[in-house]
Amino acid sequence: MTLAATLKIKRAGFTLDVELTAAPGEVVALLGPNGAGKTTSLRALAGLLPLDDGQIVLDGVRLDRLAPEQRRIGVVFQDYLLFPHLSALDNVAFGPRCRGAPRAEARQQAQGWLARVGLAEHVRKKPRQLSGGQAQRVALARALAAEPRMLLLDEPLAALDARTRLDTRAQLRGHLTAFPGATILVTHDPLDALMLADRLVIIEDGRVVQTGDAATITAQPRTDYVARLVGLNLYRGQASGFGVRLPDGFELVTATQQTGEVFVAFPPSAVALYPARPDGSPRNTWPATVSTVSRHGDALRVELTGPVPVAADVTPAAAVHLGLEPGRELWATVKATEVRAYRA
Amino acid sequence: MVCLILGVPLAWVLARAEFPGRRLVRALVTVPLVLPPVVGGVALLLVFGRRGLLGGWLDQTFGVSLPFTTAGVVVAEAFVAMPFLVIAVEGALRGADARYEEAAATLGATRWTAFRRVTLPLIAPGVAAGAVLCWARALGEFGATITFAGNFPGRTQTMPLAVYLALEQDVDAAIVLSLVLLAVSVGILAALRDKWVAA
């Protein structure tokens, strides 16, 4: 059940042009900032938005001219859209009923699906009596019960609180692994994407900017958005040997030799801050000015301006020692061995 | 009944579909609201009368003539009362989330199934309210009926027409008829209100 899709949709002030592929059993995450076109892509795949150009091929069959009800693509919507007038059981039985199953048989199937998502004792409840996590699982069971050839999930965990999210994410992972068809998952939460997906497709401004598995993307981001997502400082420049010249003339020294257009990345924890110019080893040293300081886990994330904008992580103790506050002038250093360069 | 069968789909079209001339259709549907019923009756006569726009054709092709028949009464009352239903149902449809229909479609429901099993139950209170209003209007309808369908006892005489006639000949009978009408109306409205508004 291989998916190969080219989605082109034009709206006033927005153009979506995305290519997507997914193998049977694969979970692909569409990750991107708000308004990037993730949900639009999903709606186009499901047939709820017409394509202006392009095609959708699933298993060698063109789907883009079919109505949504003929595509057999299951969707879990962001706010679930459980039918409020039907019980959990009848919500899940809706798909089998539409496929022509008699009522009793559809209900029996629905019962099975609800048991599989751990809601066997909630079958009689109406959607408004379910908690967020339960509603999410009913929505998943409802989509799966229709025996879709492909599954689409729109921000499946966004509406849940932190605690429920953790449990639900683990369960969802299990159900997605068991699903034989391809799954496309839309999210703006990198953690969801990394935990649930086999492959990530990053969308910005209606275009795919990077695809790859989690390890590649976290190690070698290609846009500012991805770099921020995975928490790296990212620059693009011209490499010759160990040096990389950035567009504004600043030069960073790396540990590996490269030539041509490259990306340079290093984590904020690799940046050391000093009140005065340090002596000796680090090759990358520059004066910088603190612009903002914020909490980041156990550390403090310091945004600095200077010849290159950079984010640095420091311990609270070091922050006190440095007297960190917006406008403070410091020296920033990064060891060449911490700086990774890779082809642009 | 006629109003329900014609009116609900019409409201769906008005609420969901985008097509040129939708404003015009909506205006036409609601015209009977502002038109004096007698004028509505005259308009119906002009269209369906034996020498009217459609009436002549209907008469020749099917041998059907609507004016001054029981069917004529139904047409006249539906014409006057349907706007109440259409407006109520259209409002309910606009209030209902169209995305439930999309969710149903992804589960394999055709448009008709989605409408029948998802949208209709969601807007049931609106449909019920519209139907009651519509029925109440039809019950009291006088002007369009007497103009278009006349007043033949047993064929086209409705209760209000009977009351009007009785008033000129036998005041007591008129009062009895009026009381019966009043009792039936109040009874049915009370029962329906309890059933639908409470739910």
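This is a predicted model: local features need pLDDT of at least 70, side-chain atom pairs count only at pLDDT 80 or more; totals for chains, interfaces and linings use all residues.
Trainee: What makes A:Tyr80 count as buried?

Mentor: A residue is buried if 20 or more other C-beta atoms lie within 10 Å of its own. A:Tyr80 has 22 C-beta neighbours inside 10 Å, so it counts as buried. It is found in the loop between strand E6 (73-76) and helix H3 (88-98) of chain A.

Trainee: What about A:Leu81, is it buried or exposed?

Mentor: With 23 C-beta neighbours inside 10 Å, A:Leu81 is buried, because the cut-off is 20 or more. A:Leu81 also lies in the loop between E6 and H3 of chain A.

Trainee: What can you tell me about phi of A:Tyr80 and phi of A:Leu81?

Mentor: Phi of A:Tyr80 is positive, near 70°, in a residue other than glycine. For A:Leu81, again a residue other than glycine, phi is positive and near 55°. Another positive phi, near 50°, belongs to A:Glu147, which follows H5(A).

Trainee: Why is B:Gly91 called partly exposed?

Mentor: Set its count against both cut-offs. Buried needs 20 or more other C-beta atoms within 10 Å, and exposed needs 12 or fewer. B:Gly91 has 16, so it falls in between and is partly exposed. Its place is in helix H5 (residues 70-95) of chain B.

Trainee: How do you know that the span of helix H5 (residues 132-145) of chain A agrees with what 1.5 Å a residue should give?

Mentor: The expected span is 1.5 Å times one less than the number of residues. For the 14 residues of this helix that should come to 20 Å, and the end C-alpha atoms are 20 Å apart, so the two agree.

Trainee: And how far does helix H6 (residues 162-178) of chain A reach from its first C-alpha to its last?

Mentor: That helix has 17 residues and reaches 25 Å, close to the expected 24 Å.

Trainee: What makes H5(A) mostly covered?

Mentor: The count of buried residues: 13 of its 14 residues are buried. In H6(A), the buried residues are A:Arg165, A:Leu172 and A:Leu176. The buried residues of H6(A) pack against strand E3 (27-31), strand E8 (182-187) and helix H7 (190-196) of chain A.

Trainee: Which residues touch the most other members of the largest nonpolar core?

Mentor: That core has 78 residues, and A:Ala29, A:Val92, A:Leu152, A:Ile184 and A:Leu185 touch the most other members. H5(A) gives the most to this core, with eight residues. There is also a second, separate core of 26 residues, which includes A:Val244, A:Val262, A:Val290 and A:Val302.

Trainee: Which residues does A:Leu152 touch, not counting residues up to four places away in sequence?

Mentor: A:Leu152 touches A:Leu42, A:Leu45, A:Ala46, A:Ile73, A:Gly74, A:Val75 and A:Ile184.

Trainee: How many residues does each chain bring to the contact between chain A and chain B?

Mentor: Chain B brings 14 residues and chain A brings 18 residues. On the chain B side, helix H6 (99-106) and helix H7 (111-140) are the elements that give two or more residues. H6(B) has the largest share, six residues. By class, this side of chain B has eight nonpolar, four polar and two charged residues.

Technical notes:
Residues are numbered from 1 along each chain as its sequence is written. Chains are lettered from A and ligands numbered from 1 in the order in which they are written. Helices (H or I, at least four residues) and strands (E, at least two) are DSSP runs, numbered from the N terminus. Two residues are in contact if their C-beta atoms, placed from the backbone, lie within 7 Å. Ala, Val, Leu, Ile, Met, Phe, Trp, Tyr, Cys and Pro count as nonpolar, Asp, Glu, Lys and Arg as charged, and the others, Gly among them, as polar. A nonpolar core is a set of buried Ala, Val, Leu, Ile, Met, Phe, Trp, Tyr and Cys residues joined through C-beta atoms within 7 Å.
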